[in-house]
Amino acid sequence: MTNFELVTAADVQLMQGLAQRVTATRPDLVNSDATFGELAWNWGRGHAGDGASWPRRLWFSGGDLVAWSWACLPHRVRLSDGSVKDVTGAYLAYQVHPDHAGLVDEVIDWYDGTAADIERTVMPSAADEFALKRWAAHGYETDPASLGDAGSWTQLNERDLIDVEQPVLPDGFRFRTADEAGPKAAVQAHLDAWAPSTYTAEGYRGVRQTATYRGDLHILVESPDGTMASSTIMWLDEANRTAEFEPVGTHPDYRRLGLARAMLLHGMHLARAAGATHMTVACLGAPGHPQARGLYCGLGFRELTRDAPLIRTRTAG
């Protein structure tokens, strides 16, 4: 990896700035890996353990970042249950400003050169017709694993913050913030909801190091016995007056109690008080993953855009 520049916290701030500029003009072109909140969350939670496998390249015009690419190369991850998983393929997150759309060819060339001779995947926005044509021209095809009920593609959902209903929690439950609950509780809440997970206390320290993390916008639901039963982080984009939920999770022993619904409503009220007028949240979009999508639709969210999973196998090159 010594021949590559690796993604840093400063890079993430630049990437978030590009996300803000694209969101302001073409929000449908911001794919799920390139949103304001997702960038901070992905880097923060994973850079300590996975950062050595994250080469990147940045493109500038007149001092402004106009395109970036962030590759995830093969590596081994350790899960919270003690197991290990080998990631054998490469994945690319990227963003190109629509005024510089032609740079997507440079992004693709960089990716192919960086991850040569291994399986490569990428998920551009399905609304980015120009980029989809360029990926196809470079030999990328729809990923067969993304088709059907079990597909893993993501859709981004949105709603305004007008007429947000009041949250109602079951008796004995209460809202907390990460500032109040502390790091140990915040990490455990995520591990309980997403087990087995790669998340660690060190990962949460990374999340807190990102410039846009706010502990007062990191919401948890505490059960009567003190368990943090549900949690979410909100990422506030002040420039566009929008906020994003990422991640959202509930302890399996506390599901179907309305906790996530109440937490998200509470979060939307907090986001509005912080200056947001608009909210987004991502979820798996394939028919076989209805739970989160149903929750968000029931809260008034509607699909804004979706990703188009693409793959180039070793045999294609």
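These exercises cover a sheet, a helix packed on it, and salt bridges in a predicted model.

Residues are numbered from 1 along each chain as its sequence is written. In this predicted model, local features need pLDDT of at least 70, side-chain atom pairs count only at pLDDT 80 or more, totals for chains, interfaces and linings use all residues, and side-chain values use heavy atoms, without hydrogens and water.

**Exercise 1.** Find the strand order of the open sheet of 7 strands and name its edges.

*Solution.*
- Strands are DSSP runs (E, at least two residues), numbered from the N terminus. Two strands pair if DSSP finds at least two bridges between them.
- The order reads β9-β10-β11-β12-β13-β8-β14, with mixed pairing.
- β9 (174–177) and β14 (302–306) each pair on one side only, which makes them the edge strands.
- Inside the sheet, β8 (residues 154–160) and β13 (residues 278–284) pair in the antiparallel sense over 7 bridges.
- Asp-160 stands opposite His-278 in β13.

**Exercise 2.** State which strands helix α2 touches.

*Solution.*
- Helices are DSSP runs too (H or I, at least four residues). Contact means heavy atoms within 4.5 Å.
- Helix α2 (residues 36–50) packs on the sheet, touching β11 (228–237) and β12 (242–250).

**Exercise 3.** Decide whether Arg-120 and Asp-112 are buried or exposed, and describe their link.

*Solution.*
- A salt bridge puts a side-chain nitrogen of Lys or Arg within 4 Å of a carboxyl oxygen of Asp or Glu.
- Arg-120 and Asp-112 form one, with the closest N and O atoms 2.8 Å apart.
- Both residues are buried (under 20% relative accessible area; exposed is over 50%, partly exposed in between; 1.4 Å probe, protein chains only).
- The structure holds 13 salt bridges.

How values were computed
Axes are lines fitted to C-alpha atoms, for helices over the stretch in contact, and angles run from 0 to 180 degrees between N-to-C directions.
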